[in-house]
Amino acid sequence: MGEDPDGLNGPGEPTPRPWQTMRRLSSTRGLGGWLLDGAERFLGEAGFDRAPWLAVVFALGIITWFVLPEAWQWIAAMAGGAVLALGALVVWPTGSSADEARANLRLALVVCGLVFAGGIATVWARSAIVGAPPIPAPVVTLLEGHVLAREDQPADERLRLTLAVRLPAEGAEDGAARKVRVNVPLAALGEGGVPAGLTEGAVVRLRARLMPPASPMLPGSYDFARAAWFKSLAATGTMVGRLTLVRPASEDSGISSVQRWLSTYVRARVEGSPGAIAAAFASGDRGGIAEADEVAMRDSGLTHLLSISGLHVSAVIAAAYFAALRLLALWPALALRVRLPVVAAGVGALAGIGYTLLTGAEVPTVRSCIAALLVLGALALGREALSLRMVAVAAGFVLLLWPESAIGPSFQMSFAAVLAIIALSNSAPVRAFLAAREEGWFVRLGRQGVMLFVTGVVIELALMPIVLFHFHRAGLYGAVANVVAIPLVTFVSMPLIALGLLFDLIGLGGPAWWLVERSLALLLAIAHATAGQAGAVTLMPQISGFAVGLFAAGGLWLGLWSGTVRLAGLVPVMLASVLVALTPIPDLLVAGDGQQVGITVPGPDGSPRLLSLRDSRSSYTRDNLMEIAGVAAEPAPLADWDGARCSSAFCTLILNRGGRDWVLLLGRGREQVEERALAAACAEADVVVSERFLPRSCRPRWLKADRRYLRQSGGLSIDLASQTITTVAAGQGSHGWWRIEEDRPRRSEPHAAMSPNIGGPNGPPAQPGGGLEPARPSQANP
């Protein structure tokens, strides 16, 4: 032991270690000590407001696993969380003089570090347990398997069967057991329709065209491969030919059968589109809703009403709770001996659980049911019903069971909406506005109407970044439409559906069903009228994850803290708003197969216009191109655009971006082109895109995105002015759902280089022929 020259220790105490000296100095002087003191004081004053942040940190760990592409990075992130926890214990050990000075800060760092690492470990384990490797390539094969689930989709005139099958494997007689999803056209079932016994547990035989679950078509598009991975789906496809029912289900009395019966029954009582929506409210079956109605509900901001979530579950539980409370109060002997709120809470809980199971027990419904049960528990115990701790417990429970939901729009939107409602209702101005006072009923009703509108606006603002990030479009008049639609569904449509089912037991449900049809026809009229207004929908190109992260950080700070300190959350929100406003529209969008290419150019009126290389009949392709480009107008064929020159094999176009002309050479077919002419045309082009392998002699000035390159990169989003390329593969890495198809070289088509050809030799000048002569700058569209 050494001496203590500074006199910092008492008699007999050892000389402090360097980190202990730094700790003491930092606690008494310097900027670091001032910041640590401020953090300790802030955490000490926050009290119970700190607890909900644990759910946020757990979700952050889950999202980190999805964002980081490689396994070593996941391990490093978990190690970082553990090091943070251990470091806090080392710097501020318990039982020392720092125990009181830094107790809250130490506890926060230790718990947050471990919870963060736990979030990564949880989603990694979930992926390893449930993930199903996709089939390597498309295949047409004969399947015989057990029906795991059946989904009726009358609006699309098909059934959707989820089957447990054994797919043939190369070099083996029996393949591995897989779960696949097959669409069965109703027309293929013949005049008899759906065979009796074609339910869960049946064994069927059919021939199907199977595809591996599709990766995103473009950067920012929906990642079905990831969703299928966590649903254990190895392939999806469509039946080809006839279906044979090898063995019908032994019985048809499960929850799914009751759900289908209820959906069919409700659609029989209420015809047309209102009946399809009534069936969705009663059983969770959305298969009968027409596409036009779904689009109108989406663009009007009312699509949340079609998904069984918090609004529907809360309405059912609240109705059961208050009905039980009033009916039990009529029994004096029971009311004097039993706490009626506890009994009513039990009745409401049973109603909520039954409704959740009846509507399919999807993750959003289960999440809403858990939150509603927590509210019931708070009411039974005499606690505050709506609290941030309740939201945090529900979120933590869902994330523990389904961690992948953290990156899904359903989880994010539902909890963002609930958080916005609770934060708004607990704020001092709102409490003062809604405080009881001497006034007439019409004034009180008016204040509640104003509050309903303000709540709708706040929810729309909270959900706008999430909606734009996931769907690239958002309805602007949703707050106004929801002021009428939410009370209409909650207090009119859903109670009338329940009354119709109840009165049908004695044959008197007709009037109730007539009123249900009228109320839901009004809901659809509101949706179509709102969606049809000018400027009802705003489109946005793919915004960055950094901007969304700023929105999330600011929104969570605004929602989870209390007092004036919450206003600090406005800073990242405003910064994110500026970044979103500056989001550039991509100049070139290339699908992963190289066949679909979208080019954004100025239209005649100055607004962006999308040109499409191929006139695709697929609405999925068209919608993806329009949404990622943020363009509302229908794509125009590139061949018809002034300034483009197209042959049967290639199209050429010149775009002026970033102060220079960019020559694009885009393949539009598999017609053979003489290699020398192709090489000459490539040399005159800056960007070459083709669905096939291009020879090494094709060397453009900047980028060659042929079949070989696109197999590795996936879809592309290209900004020519900044010379940036965003790829689908960039964020996929070692995640199990991402597969790169192996190249199978063909002698007639030598492979191309894998990396963009930036600044390479120009090669020989272009030679006419083959329809590959580049367009002249004077022919380009300005």
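**Helix crossing, a covered helix and a buried valine**

In this predicted model, the axes of helix α10 (residues 291–299) and helix α20 (residues 510–531) come within 8 Å and cross at roughly 65 degrees.

Q: What makes α10 roughly perpendicular to α20?
A: The axes cross at roughly 65 degrees. Angles of 65 to 115 degrees count as roughly perpendicular. Therefore α10 is roughly perpendicular to α20. The crossing of the two helices is left-handed.

Q: Which residues of α10 and α20 make the contact?
A: From α10 come Ala-292, Asp-293, Ala-296, Met-297 and Asp-299. From α20 come Leu-523, Leu-524, Ala-527, His-528 and Ala-531. They divide into seven nonpolar, one polar and two charged residues.

Q: What makes α9 mostly covered?
A: Ten of its twelve residues are buried. Buried means under 20% relative accessible area. Among the buried residues of α9 are Pro-274, Ile-277 and Phe-281.

Q: How does the reach of α9 compare with the expected span?
A: Helix α9 (residues 272–283) reaches 17 Å from its first C-alpha to its last. At 1.5 Å a residue, 16 Å is expected, so the two values are close. Just after α9, Gly-284 takes a positive phi of about 80 degrees.

Q: Why is Val-203 called buried?
A: Its relative accessible area is 5%. The cut-off for buried is under 20%. So Val-203 is buried. Val-203 lies in strand β4 (residues 203–211).

Q: What does Val-203 touch, not counting residues up to four places away in sequence?
A: Val-203 touches Glu-144, Gly-145, His-146, Thr-244, Leu-245, Val-246 and Arg-247. The C-alpha atoms of Val-203 and Val-147 are separated by 6.2 Å, though 56 residues apart along the chain.

Definitions and conventions: Residues are numbered from 1 along each chain as its sequence is written. This is a predicted model: local features need pLDDT of at least 70, side-chain atom pairs count only at pLDDT 80 or more; totals for chains, interfaces and linings use all residues. Side-chain values use heavy atoms; hydrogens and water are left out. Axes are lines fitted to C-alpha atoms, for helices over the stretch in contact, and angles run from 0 to 180 degrees between N-to-C directions. Helices (H or I, at least four residues) and strands (E, at least two) are DSSP runs, numbered from the N terminus. Angles under 35 degrees count as roughly parallel, over 145 as roughly antiparallel, 65 to 115 as roughly perpendicular and the rest as oblique. A crossing is left-handed if the near helix is turned anticlockwise from the far one by less than a right angle, and right-handed if clockwise. Contact means heavy atoms within 4.5 Å. Ala, Val, Leu, Ile, Met, Phe, Trp, Tyr, Cys and Pro count as nonpolar, Asp, Glu, Lys and Arg as charged, and the others, Gly among them, as polar. Buried means under 20% relative accessible area, exposed over 50%, partly exposed in between (1.4 Å probe, protein chains only).
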